[in-house]
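Open the model in your viewer and keep the selection panel at hand. The stops below follow one another, each with something to select.

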Amino acid sequence: MPVLSCAHLRKVFGTRVVLDDLNLDVEEHRVVALIGASGSGKSTLLRCAALLTEVDDGTIHLDGEEITDPRVDPDAVRRRIGMVFQAYNLFPHMSVLDNITLAPVRVHRRARDQARAQAREWLDRVGLADQADSYPDRLSGGQQQRVAIVRALVNSPRLLLLDEVTSALDPELVGEVLTMIRDLKAEGMTMVLATHEMGFAREVADEVVFLDAGRVLEAGPPQRVLGDPTEPRTRQFLSRIIEAGRL
């Protein structure tokens with residue numbers, strides 16, 4: 001049974017069709033990289049999977065449970081899914097430690113001391129133990145993004161969704177975030193990530209999915225999709241990536 005299964009998803013904003021009969025399965029301990037041009041539906045797909053955006057048609061299942069059923073408690077579902085955005089979304093008036101422990105304490109009702117101890121363990125793992133009491137504006141972009149990922153991980157999610165988590169970073173800071181994602185893969189975390197980092201997708205993904213106009217146009221192992229795509233539109237997209245020096 002897939003951890004995540006999306007069937008015939010459709011999402012329309014006004015007159016614009018963003019997801020158009022989209023189908024996707026994500027197996028346990030697998031990393032799926034979503035690639036495609038801006039506006040192809042990558043971020044919308046992730047937001048729908050996290051129940052942050054409501055689908056207009058189709059179904060989404062998490063471990064076999066239909067989470068798009070209106071009778072399902074969305075907050076209970078979100079506790080099983082970690083979502084990390086490209087813009088960090090850290091609270092600037094709260095310390096790193098307080099940012100990370102806010103949801104475990106307020107939403108999951110964990111003991112404050114237990115939540116803080118777990119947060120410190122994660123910060124130590126990602127090399128940020130000395131920043132626990134710092135505020136976000138004192139951190140580099142790469143450090144802030146790592147904190148945002150830790151914030152999603154402290155709730156022990158079944159599935160981690162990453163939306164262009166390196167796109168807002170300076171090039172020299174991208175590596176530290178990618179290293180963290182690479183380590184999570186080695187630990188067996190199930191992930192879906194939207195990315196423009198084609199080299200990283202080739203290295204870390206088990207499957208690359210090319211979205212075009214809200215549909216899955218091509219999917220398969222990274223070596224095939226990125227190295228020898230079968231669809232003309234995929235080849236066109238990748239040729240532009242190569243011209244920009246990003247593959």
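Which helices and which strand each supply at least two residues of the lining of the largest pocket? Select helix 2 (74-78), strand 6 (81-84), helix 3 (96-106) and helix 5 (141-153): each of these supplies at least two lining residues. Helices (H or I, at least four residues) and strands (E, at least two) are DSSP runs, numbered from the N terminus.

This is a predicted model, in which local features need pLDDT of at least 70 and side-chain atom pairs count only at pLDDT 80 or more, while totals for chains, interfaces and linings use all residues. Residues are numbered from 1 along each chain as its sequence is written, and side-chain values use heavy atoms, with hydrogens and water left out.

**Pockets**

Stay with the largest pocket, which holds about 640 Å³ of space. Of its 24 lining residues, Arg-78, Ile-81, Met-83, Ala-103 and Asn-155 are the closest to the centre. A pocket here is an open set of points on a 1 Å grid over the protein atoms alone, with protein on both sides within 12 Å along at least five of seven lines; lining residues have an atom within 4 Å of a point. Points are joined across faces, edges and corners, and a volume is the space filled by probe spheres set on them. The lining divides into 14 nonpolar, 5 polar and 5 charged residues. Ala, Val, Leu, Ile, Met, Phe, Trp, Tyr, Cys and Pro count as nonpolar, Asp, Glu, Lys and Arg as charged, and the others, Gly among them, as polar.

Next, select Leu-51, Glu-54, Ile-67, Thr-68 and Asp-69, which lie nearest the centre of the second largest pocket among its 14 lining residues. Its volume is about 240 Å³, and its lining has 7 nonpolar, 3 polar and 4 charged residues.

**Helix 1**

Leu-51 follows helix 1 and has a positive phi, near 60 degrees. Step back to helix 1 (residues 42-49): 6 of its 8 residues are buried, so it is largely enclosed by the rest of the structure. Buried means under 20% relative accessible area, with a 1.4 Å probe and protein chains only. The buried ones are Lys-42, Thr-44, Leu-45, Leu-46, Cys-48 and Ala-49.

**Cores and cavity**

Now select Leu-160, Leu-162 and Ile-181, which touch the most other members of the largest nonpolar core, a set of 49 residues. Such a core consists of buried Ala, Val, Leu, Ile, Met, Phe, Trp, Tyr and Cys residues joined through side-chain atoms within 4.5 Å. Helix 6 (residues 171-186) gives the largest share, 7 residues. A second, separate core has 30 residues, including Leu-9, Leu-22, Cys-48 and Val-209.

Centre on Leu-162 and show its contacts (heavy atoms within 4.5 Å). Leaving out residues up to four places away in sequence, Leu-162 touches Leu-46, Val-84, Ile-149, Ile-181, Met-191, Val-192, Leu-193 and Ala-194.

Leu-162 also lines the largest cavity, as do Glu-164, Phe-200 and others. A cavity is a set of grid points where a 1.4 Å probe fits but cannot get out. The volume of this one is about 60 Å³, and helix 6 and strand 8 (191-194) each supply at least two of its lining residues.

**Last stop**

Finish at Leu-238, in helix 9 (residues 232-243). Leu-238 counts as buried because its relative accessibility is 4%.

Conventions
Buried < 20%, exposed > 50% of the residue type's maximum accessible area, 1.4 Å probe, protein only.
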